[in-house]
Amino acid sequence: SLRGCFFLTREGQLLENMWTKPNDQDYKIVNNQLGRDPRGFLGIAIRCPYGYPQVIVNRPITAEMEEINVFPTLFWLTCPYLRKMVGKLESQGIISVFQEKIATDPVYAQRVEHCHVSYGKLRQSLIPAEVQELLKKNYPKRHQVLVKTGVGGIRGRDGVKCLHTHLADFLVREDNPIGGDVLSMLNDNTACSSADCELER
């Protein structure tokens with residue numbers, strides 16, 4: 001059975017250095033930031049200058065009852081301020097700018113492809129080999145999502161699915177050219193002017 005088989009592999013243990021275990025207050029903050037319970041919340045990768053969760057790490061596989069769910073977005077941007085600012089960029093059509101750059105700049109396209117591949121490998125490293133084999137056997141299509149997709153679960157390498165996921169990846173790994181460019185467009189500003197995520201105590 002795949003249920004309960006969500007332990008880190010030896011490679012995945014290295015990824016543990018990228019996050020901290022959330023406490024009860026962190027769960028409340030993230031719930032408030034997203035407006036819902038976080039899905040497969042594994043840890044906090046980045047905190048904002050105010051100390052609140054900014055990017056969280058998700059489990060690639062979760063199980064509810066007998067249902068196995070695959071979630072390809074490893075790093076999730078929870079900061080309401082950054083999500084709003086990146087959303088404004090997307091509404092301005094910036095995604096098409098990145099798609100054009102990938103199509104016309106081979107060096108940039110190669111860097112993006114490398115990012116997708118390394119992201120996928122990192123995601124897979126959280127899943128033990130025996131669990132992957134069970135997933136491949138019992139849920140082949142879901143297994144392909146983990147193996148074949150890149151940042152945020154994107155399939156086609158010539159497209160850009162979501163700037164939020166690229167920024168989240170860059171803030172954690174600092175090796176995502178699209179995420180780095182998004183941060184530059186935000187003038188490297190990753191903090192709101194006030195602690196908007198403050199909860200009543």
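## Basis of the description

Buried residues have under 20% relative accessible area, exposed residues over 50%, and partly exposed residues lie in between (1.4 Å probe, protein chains only). The model is predicted, and local features need pLDDT of at least 70, side-chain atom pairs count only at pLDDT 80 or more, and totals for chains, interfaces and linings use all residues. Residues are numbered from 1 along each chain as its sequence is written, and side-chain values use heavy atoms, with hydrogens and water left out.

## Salt bridges

The whole structure contains 3 salt bridges, each defined by a side-chain nitrogen of Lys or Arg within 4 Å of a carboxyl oxygen of Asp or Glu. In one, Asp181 pairs with Lys101, with 3.8 Å between the closest N and O atoms. This bridge connects helix α9, which holds Asp181, to helix α4, which holds Lys101, across 80 residues; helices (H or I, at least four residues) and strands (E, at least two) are DSSP runs numbered from the N terminus. Asp181 is partly exposed at 23% relative accessible area, and Lys101 is partly exposed at 33%. Lys101 also lies over the face of Tyr108, 4.2 Å from the ring centre; this requires NZ of Lys or CZ of Arg within 6 Å of the ring centre and within 35 degrees of the ring normal.

Asp26 and Arg47 form another bridge, with the closest N and O atoms 2.9 Å apart. Asp26 belongs to helix α2 (residues 24–34) and Arg47 to strand β1 (residues 41–47), 21 residues apart. Asp26 is buried at 5%, whereas Arg47 is partly exposed at 35%. Within helix α8, Asp169 and Arg173 are 4 residues apart, about one turn of the helix, and their side chains meet at 2.6 Å, N to O. Asp169 is buried at 0%, as is Arg173 at 17%.

## Aromatic pairs

There are 3 aromatic pairs, counted where ring centres of Phe, Tyr and Trp (its six-membered ring) lie within 6.5 Å; planes under 30 degrees apart are stacked, over 60 edge-to-face and the rest tilted. Among them, Phe71 and Trp76 form a tilted pair, 5.7 Å centre to centre with 40 degrees between the planes. Phe75 and Tyr119 are edge-to-face, at 6.1 Å and 80 degrees. Phe75 is in strand β5 and Tyr119 in helix α5 (residues 106–124), so this pair ties together parts 44 residues apart in sequence.

## Helix α3

In α3 (residues 80–91), Leu82, Val86 and Leu89 are buried. On the other side of α3, Lys84 and Ser91 are exposed. Gly93, which follows α3, has a positive phi near 85 degrees.

Key
The expected span of a helix is 1.5 Å times one less than its number of residues.
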